[in-house]
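Look at the structure below with its sequence beside it. The briefing that follows covers a few residues and then the nonpolar cores.

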Amino acid sequence: MFEDPEGYMRDFQSRMQAMAERASNLNEALQAAAATATSPDGEVTVTVGVGGSLQDLQLSPETRKMSAQSLAALIKETYAEAAINAGSNSTNALASVFGEDSSLVREARSATQERE
């Protein structure tokens, strides 16, 4: 069936190893893609991970003086900033593994620009 079955297997193993390395690199890059944003006066700090997952929320004692509506708005604004940065970091992580010319990276950059 194959002219060089051993060569075919070596090529297959080589491709599988390269894919495993890419997956590992991507996993590491995406884990580092989280972003933290702090409100202008430092009352709220939000950390957002890949896909917009809220990883951390810190409120300073100054937030006790704020109305619930003001605090909620400030949390949402700070979260949005962190989410945009995490999305950008995620796209950069994809580019570091797949290259800027990858269709996946182009699509991610396009989606990021639409959200901003």
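Ser39 counts as buried, because its relative accessibility is 4% and the cut-off for buried is under 20%. The model is a predicted one. The points below take Ser39, Ser90 and Asp56 in turn, then turn to the largest nonpolar core and another core apart from it.

**Ser39**
- Ser39 sits in a loop, with strand E1 (35-38) on one side and strand E2 (44-48) on the other.
- The side chain of Ser39 is joined to that of Glu43 by a polar contact of 2.9 Å.
- Leaving out residues up to four places away in sequence, Ser39 touches Val44, Leu74 and Thr78.

**Ser90**
- Ser90 belongs to helix H2, which covers residues 68-98.
- Ser90 has a relative accessibility of 12% and therefore counts as buried, the cut-off being under 20%.
- Beyond its neighbours within four places in sequence, Ser90 is in contact with Leu30, Ala33 and Val50.

**Asp56**
- Asp56 is part of strand E3, residues 54-59.
- A polar contact of 2.8 Å links the side chains of Asp56 and Gln58.

**Nonpolar cores**
- Which residues make up the largest nonpolar core? Its 9 residues are Ala35, Ala37, Val44, Val46, Val48, Leu71, Leu74, Ala82 and Ala86.
- At least two residues of this core come from each of E1, E2 and H2.
- H2 supplies the largest share of this core, 4 residues.
- Another core lies apart from this one and has 6 residues, including Leu26, Ala95, Val97 and Val105.

**Links between these topics**
- Val44 and Leu74 are members of the largest nonpolar core, and both are touched by Ser39.

Key:
Residues numbered from 1 in each chain as written. Predicted model: local features only at pLDDT ≥ 70, side-chain atom pairs only at ≥ 80, totals over all residues. Heavy atoms only, no water. Buried < 20%, exposed > 50% of the residue type's maximum accessible area, 1.4 Å probe, protein only. Polar contact = N/O pair within 3.5 Å; in protein donor to acceptor, adjacent residues only side chain to side chain. Contact = heavy atoms within 4.5 Å. Core = buried A, V, L, I, M, F, W, Y, C linked by side-chain atoms within 4.5 Å.
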